[in-house]
Structure formats: structure tokens, C-alpha cells
Amino acid sequence: MIDTKLSLYIISRNKLFDHAPRTFTKVEDALTNIDPTSIPVVYVKLRNGAAGQNVSCIATNDLKNYNLPQHYIIQEAVSDILLFDKRKLEFRFYVLIHNKKIYLNTRGFSYVHSGREYDPT
């Protein structure tokens, strides 16, 4: 299975869950659906990127002049991040989308980021 944030976009566009940041493949969709007063920052990420590489932080208001590179997505910033011992905590679940059906792998995992404490600024 290929890890791609495009899967997150497909799931969120179909309103299948509300527990992840909304993700967009077009600037126009992001501008239509994101209120800059409540979500002032978005991330532009390579859709199959990992470990924080190929990520840019952009003010939501600046999106109107932004040209989204091919294979990149726009993702809302999360303001109420779950922390464990003052460090970011992730839960990963793998899904397969096939013939308009979603299959969830029962073997997810959690990961506590090492290094320094999380600083939201």
C-alpha cells in the first residue's frame, strides 16, 4: 500500500470522518471551504511525502495568489494537536479504497515524536 495524503482527500471529500484535517487538491476548493479567520494557516505538502519533508506553511489569505505544484495537496493546520508528554502524538490507520468501499486495516499504530517539546508557534 502506498502512503499518500490523496487518500485522506478522498475520504474527507466523501465526509466519511471528521477526525483529520480537511485536505484539498485545488486552491479554489481550499479558498471556498476554509475560513481564514478560524484557520489562518495551511500546509502545502507533497501528497506522498513523509517526515515533514516537502512541506510549506502558507497563510490562508495568501492562497489566492498561490500556484499549487503538481502532486501537492493543501491541508488545514490543526490548532488543537494531541500531545503526549508535551510531544506530538500520531495515530496511523491504513485504509484501502476499492470500488467505492473502504477497508480499514486492523493493525494501526501510534507514534510519539522524539526530540524537543512541541511548540505551536
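Is arginine 22 buried, partly exposed or exposed? Select arginine 22: at 34% relative accessibility it counts as partly exposed, where buried means under 20% relative accessible area, exposed over 50%, and partly exposed in between (1.4 Å probe, protein chains only). This is a predicted model, in which local features need pLDDT of at least 70 and side-chain atom pairs count only at pLDDT 80 or more, while totals for chains, interfaces and linings use all residues. Residues are numbered from 1 along each chain as its sequence is written, and side-chain values use heavy atoms, with hydrogens and water left out.

**Stop 1: the salt bridge**

The side chains of arginine 22 and glutamate 76 form a salt bridge, 2.7 Å from N to O; the term denotes a side-chain nitrogen of Lys or Arg within 4 Å of a carboxyl oxygen of Asp or Glu. The pair links distant parts of the chain, 54 residues apart: arginine 22 lies in the loop between α1 (5–13) and β1 (23–24), and glutamate 76 in strand β4. Helices (H or I, at least four residues) and strands (E, at least two) are DSSP runs, numbered from the N terminus. Glutamate 76 is buried, at a relative accessible area of 10%. By the salt-bridge rule, the count comes to 1. Side chains of opposite charge can pair when their charged atoms come close.

**Stop 2: the core**

Next, select Phe24, Val27, Ala30, Ile34, Ile39, Val42, Val44, Ile58, Leu63, Leu68 and Ile74, the 11 residues of the largest nonpolar core. Helix α2 (27–33) and strand β2 (41–46) each supply at least two residues of this core. Such a core is a set of buried Ala, Val, Leu, Ile, Met, Phe, Trp, Tyr and Cys residues joined through side-chain atoms within 4.5 Å.

Centre on leucine 68. Leaving aside residues up to four places away in sequence, leucine 68 touches Thr25, Lys26, Val27, Val44, Ile73 and Ile74, a contact being heavy atoms within 4.5 Å.

**Stop 3: threonine 60**

Threonine 60 sits in the loop between β3 (55–59) and β4 (72–76). Threonine 60 is buried, with a relative accessible area of 2%. Its side chain reaches the backbone oxygen of isoleucine 39 at 2.6 Å. With residues up to four places away in sequence not counted, the residues touched by threonine 60 include Leu31, Ile34, Pro36 and Val42.

**Stop 4: two lysines with positive phi**

Which value does phi of lysine 86 take? Phi of lysine 86 is near 65 degrees, a positive value in a residue other than glycine. Lysine 86 is in the loop between β5 (83–84) and β6 (87–92), and is exposed at 53% relative accessible area.

Move to lysine 100, in the loop between β7 (95–98) and β8. Here phi is near 60 degrees, again a positive value in a residue other than glycine. Lysine 100 counts as exposed, at 86% relative accessibility. Most residues other than glycine have a negative phi.

**Stop 5**

Select leucine 104 in strand β8 (residues 101–104). Leucine 104 is exposed, with a relative accessible area of 55%. Together, Leu82, Phe91, Phe93 and Leu104 make a nonpolar surface patch of about 450 Å².

Notes: Polar contact = N/O pair within 3.5 Å; in protein donor to acceptor, adjacent residues only side chain to side chain. Patch = residues over 30% accessible without salt bridge, like charges linked within 9 Å, V, L, I, M, F, W, Y side chains within 5 Å. Areas by Shrake-Rupley, 256 points an atom, 1.4 Å probe, with all protein chains shown as cover.
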